[in-house]
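Q: Please take me through this structure one feature at a time. I would like the general idea and then the case at hand.

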Amino acid sequence: MPTSQSSRFTFTRRQSASNKTPRQINRNLVFNLIRTRQPLSRADLARVSGLQRSTVSLIVEELIKERWVLEGSTGRPPRGRRPTFLELNLQRAVIALDIHPSQTTVAVTDLGGKIVAQNVVELPDDPKKAIQPIIAAIKKLIAANSDKSFDGIGISLPGRADPIREEPIFAPNLKWPISSIKSRIQKATGLRVEMDNVANACALSEVWFGDSDGLHDLVVVNVSEGIGTGIFANGQLLRGANGMAGEFGHVQMEINGPRCGCGGRGCWETVASNRAGLRYYEEMSGNASPASFAALVKMAQASDTNAVKALEKMSSFLGRGLRMIASALAPSEIVVVGDITAAWYLFGPIVEAELKQNALSREPRLRPSFEGNTARLRSAVALVMNGSLV
């Protein structure tokens, strides 16, 4: 197994290096090129990276020895020696936790982001008993996937974690104590645990899996029970004092709006989150809201009039908030994560129209992540592999 130092990789997407580059940066570069372009031969690595073949060979042999990389199939060139292609070792895996107020999804994810297995844990009403069933589900998945080598546990948190104290400090939508979740899971499993805000984790995931190039600034907006934003700028996450950067969800948009979990009124997430969409449906239809936001989306896709109107209103407020982000940060790209993306063909145009209104500069590229909960789960890979987070 690799040491803790060698098990951490940066997210650099540099396409060239020199013999004067420090050894660890060269290693990161080679690993990331294999990760994003696999399968790839040693000769291809040398050509793309600009490193000498001898340097590439030494790094590759180290990565193979540590079982980060495997040798796969061989090529069939018209002449010369047949190259051996390199690829990630997909037997290495992480445990992913996607935490929500009433339930938590626990999954096994390989280094390529594939969800191998998952289980939804319904949390008990007694908040003091919330962590134990999560630990039990983790142990069950590890036992059921004993052929995997687990490198750690990544937790996507609907709140903010203090990077110094390594514990959650702001999670207004959670009603159960999670201050000890990291230490308790580490003690119970013996695995390294990395925890971060879900939007931060998804921002890293966008870079890790190659959906964004890591060279341009981007903002990920996670739309769920609340709204969280992760800001990736100048090659790294923007965290701010005490890790609180990006709380756009708690910027007031309506003076006399609904009460927010943070204590304020009319915050962005009170008018543009999943909870807001469900509330709008109740107000417009006079009926109880469906059991879940995903069910409301399906109703809208089936042309339920009140469901469509409710999500149109939610989307309008979502777009207004994105316009605020675009004006404040001027990112190259904004990525929306959440169940609303399942019906983006219906509501994306509304979001984009609001974003473009009164734009101070060229609006950023807006795109949804069509993976729903998968985006939050596979972000655990980025958390564990990055290794420098809380």
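Q: Is Ser 156 buried or exposed?
A: Buried means under 20% relative accessible area, exposed means over 50%, and partly exposed lies in between, with a 1.4 Å probe and protein chains only. Ser 156 has a relative accessible area of 1%, so this residue counts as buried. The model is predicted, so local features need pLDDT of at least 70 and side-chain atom pairs count only at pLDDT 80 or more, while totals for chains, interfaces and linings use all residues. Residues are numbered from 1 along each chain as its sequence is written, and side-chain values use heavy atoms, with hydrogens and water left out.

Q: Where does Ser 156 sit, and which side chain makes a polar contact with the side chain of Ser 156?
A: Helices (H or I, at least four residues) and strands (E, at least two) are DSSP runs, numbered from the N terminus. Ser 156 belongs to strand S7, residues 149–157. A polar contact is a pair of N or O atoms within 3.5 Å; within protein, one must be able to donate a hydrogen and the other to accept it, and residues adjacent in sequence count only if both atoms are side-chain atoms. The side chain of Ser 156 has such a contact with the side chain of Ser 379, at 3.0 Å. A polar atom of the Ser 156 side chain also lies 3.2 Å from the backbone oxygen of Arg 376.

Q: Which residues are in contact with Ser 156, leaving aside its neighbours within four places in sequence?
A: Contact means heavy atoms within 4.5 Å. On that basis Ser 156 is in contact with Leu 97, Asp 98, Ile 99, Asp 196, Val 198, Ala 201, Arg 376 and Ser 379.

Q: What is the order of the strands in the open sheet of five strands?
A: Two strands pair if DSSP finds at least two bridges between them. The order is S6-S5-S4-S7-S10, with mixed pairing. Strand S6 (115–122) and strand S10 (193–197) are the edge strands, each pairing on one side only. On average, neighbouring strands of this sheet are turned by 20° against each other, direction ignored. Strands S5 (residues 103–110) and S6 run antiparallel and are joined by seven bridges. Thr 109 has Ile 115 in S6 as its bridge partner.

Q: Which strands does helix H5 lie across?
A: Axes are lines fitted to C-alpha atoms, for helices over the stretch in contact, and angles run from 0 to 180 degrees between N-to-C directions. Helix H5 (residues 181–189) lies across strand S4 (92–99), S7 and S10, at about 155° to S10. Helix H6 (residues 198–208) lies across S7 and S10, at about 105° to S10.

Q: How many residues has the largest nonpolar core?
A: In soluble globular proteins, nonpolar side chains tend to be buried together. A nonpolar core is a set of buried Ala, Val, Leu, Ile, Met, Phe, Trp, Tyr and Cys residues joined through side-chain atoms within 4.5 Å. The largest has 44 residues, and Val 30, Phe 31, Leu 45 and Leu 63 have the most contacts inside it. Helix H12 (residues 373–386) gives the most to this core, with eight residues. Apart from that core lies another of 35 residues, among them Val 219, Leu 318, Leu 322 and Leu 366.

Q: How many disulfides does a search of the whole structure find?
A: A disulfide is a covalent bond between the sulfur atoms of two cysteines. The cut-off is a pair of cysteine sulfur atoms within 2.5 Å. The search finds zero. Cys 260 is in no disulfide, and the nearest cysteine sulfur, that of Cys 262, is 3.7 Å away.
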